[in-house]
Amino acid sequence: MTNSLLPQLYTTMKRIRSFEERVGELFIKGESAGTMLHLSTGEEIGPASVGLAMSEKDTFTTHHRGHGIFIARGGDPKNMLAEIAGKKDGYCKGKGGSMHIADMKLGHLGANAIVGGGIPTVVGAGISYKFLKEKKVSVAFFGDGAMQQGILYESMNMASLWKLPVVFCCINNQYGMGTKIDNAVGFKDFSKRAESFGLNSLHINDLDVENAYHKSKEIIEDARKFKPGFIEIECYRFFGHARMDKSPYRNDSEEKEMRKLDPINYAKSKLIKESIFNEEEILKIDNEILKEMDSAMEFAIKSPVNDKNEIFTDVYSEKDPLPESIDKKINKILSN
Ligand SMILES: Cc1ncc(C[n+]2csc(CCOP(=O)(O)OP(=O)(O)O)c2C)c(N)n1
Ligand SMILES: [Mg+2]
C-alpha cells in the first residue's frame, strides 16, 4: 500500500490516452459525427494534474481539445464516445460532438471551439460563488493560442479586481493549429503576464505529474480563498491539430525528439523506481483500462441515433419560445 497519488495520476493519464486512441478508431471506422477531433496525446499531464487537484464541486470550461480534462473530472468514456459518435446516449444527446460537450452535474460548464471563448464563463461562475458564498473554484482550460486573445486579459483583470475564486489554466502545447509558438508570440513568459495582473502564477515545465499536481493544488486552494490564479503547463502536441492534419509544417526529427518527453512513460518509470508497482502490475492496470475503453466503444456504436423530432429539443429555451416564422420552418423540415 502507498500514500502516493502517483497511481491515480498515472491511471488518469493512461485512461485519457486510451480514450483518445478510441476516438481515432471511431473516426477511422466512419462512426464519428465529425472530422474535427482534437486529441491531447502527449498533453495528459495538464488535465490529470490540475483536474485531480480540483475538488468535487469545482467547475470548469475547456477549449476544443478538452476530452482529457473531462475524463479527469469524472466524464464517463461511454457517454463521451456516444457524444462524439452523435448518438442519443451522448452527454448532449449527440448534438454537441467532440468540441461542445457539457455536463453541469459534473461541473462541466461547456467546451468552446472559439479560441478563448470559454474563459469569461469561469469569471461569471466565480462571481456567483463569491456572492452565494459557495466554496467553489472555477477553472478555465485553454491553449497557448488563447494567450493572444483580448478576452483573456479582460477576464484576468476582472478576476483580480473582484478577487474571484477562479483559475486560468493554459495548456501550452507549443502550437496553435500549424503555427509554432515562436512565430506567434512576442513575449513567451506567460506566467509573468498573469503576474502583472496580480494573479498567483505558476509555470510548470517538467514531466513529473505528481509535482504538477501539488503545485496546482496550492494555486487552486489559494483561489478558494479569493486569490485568483494562473497555471501554465508546457507540453507537446504529439499529433496534428485535428485528425486530418498530418503536420506538414513541422519536421519528423522534432516530433521524434519531443515525443520522448512522454509524461505517461515518465510516471511509469517513477512508479517502478519508487517500488510502488512492478511492470506486471502496471500491465494489469493498462489492460483494465483497455477493457473499459472496449466496452465504451461498443456502447457508443450500439447507441441509437436520435429521432429527428429531437433535433430542436434542449436547444432553445422553453421560457423564450421561437418566433412563429422559425417554428414554421422547423415544422417544414420535420415533415420532410
Ligand atoms: C477566435 C478564433 N480564431 C481562430 C480559430 C481557429 N482555430 C481553431 S483552434 C486554433 C488554434 C488554437 O491553438 P491553441 O489555443 O494553442 O490550442 P491547441 O489547438 O494547441 O490545443 C485556431 C486558430 C477559432 N476557433 N477561434
Ligand atoms: Mg496550442
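Mentor: Let us begin with Glu-210, which counts as buried because its relative accessibility is 12%, and buried means under 20% relative accessible area, exposed over 50%, and partly exposed in between (1.4 Å probe, protein chains only). Please note that this is a predicted model, in which local features need pLDDT of at least 70 and side-chain atom pairs count only at pLDDT 80 or more, while totals for chains, interfaces and linings use all residues. Residues are numbered from 1 along each chain as its sequence is written, chains are lettered from A and ligands numbered from 1 in the order in which they are written, and side-chain values use heavy atoms, with hydrogens and water left out.

Trainee: Where is Glu-210 found, and which residues is Glu-210 in contact with?

Mentor: Glu-210 belongs to helix α8; helices (H or I, at least four residues) and strands (E, at least two) are DSSP runs, numbered from the N terminus. Contact means heavy atoms within 4.5 Å. Leaving aside neighbours within four places in sequence, Glu-210 is in contact with Ser-4, Leu-5, Leu-6, Leu-9 and Lys-270.

Trainee: Why is α1 called roughly perpendicular to α8?

Mentor: The axes of helix α1 (residues 6-28) and helix α8 (residues 209-224) cross at roughly 105° and come within 10 Å. Axes are lines fitted to C-alpha atoms, for helices over the stretch in contact, and angles run from 0 to 180 degrees between N-to-C directions. Angles under 35 degrees count as roughly parallel, over 145 as roughly antiparallel, 65 to 115 as roughly perpendicular and the rest as oblique. Therefore α1 is roughly perpendicular to α8. On the α1 side the contact is made by Leu-6, Leu-9 and Met-13, and on the α8 side by Val-209, Glu-210 and Tyr-213.

Trainee: What makes helix α4 mostly covered?

Mentor: Of the 8 residues of α4 (residues 77-84), 7 are buried. These are Pro-77, Asn-79, Met-80, Leu-81, Ala-82, Glu-83 and Ile-84. The buried residues of α4 pack against α1, α3 (67-72) and α11 (279-302).

Trainee: Is Leu-37 buried or exposed, and what is Leu-37 in contact with?

Mentor: Leu-37 has 2% relative accessibility and therefore counts as buried. Leu-37 is found in the loop between α1 and α2 (45-53). With neighbours within four places in sequence left aside, its contacts include Val-23, Phe-27, Ile-84 and His-241.

Trainee: Which residues coordinate the magnesium ion (ligand 2)?

Mentor: The magnesium ion (ligand 2) is coordinated by Asp-144 (OD), Asn-173 (OD1) and Tyr-175 (O), at 2.1 to 2.2 Å. Donors are N, O and S atoms within 2.8 Å of the metal (3.2 Å for Na, K and Ca); water is not among the atoms, so sites may look incomplete. The spacing of the donor residues in sequence is D-x28-N-x1-Y. Asp-144 lies in the loop between β3 and α6 (150-161), and Asn-173, 29 residues apart from it, in the loop between β4 (166-172) and β5 (175-176). Both Asp-144 and Asn-173 are buried.

Trainee: How do you know that Cys-170 is in no disulfide?

Mentor: A disulfide is a pair of cysteine sulfur atoms within 2.5 Å. By this rule the count is 0 disulfides. The nearest cysteine sulfur to Cys-170, that of Cys-169, is 7.4 Å away. Cys-170 is buried, because its relative accessible area is 0%, whereas Cys-92, at 23% relative accessibility, counts as partly exposed.

Trainee: Are Lys-133 and Ser-247 buried or exposed?

Mentor: Lys-133 has a relative accessible area of 74% and is therefore exposed. Ser-247, at 5% relative accessibility, counts as buried. Lys-133 has a positive phi of about 55° although it is not a glycine, and Ser-247 likewise has a positive phi of about 55° without being a glycine. Lys-133 is found in the loop between α5 (119-132) and β3 (138-143), and Ser-247 in the loop between β8 (229-234) and α9 (252-258).
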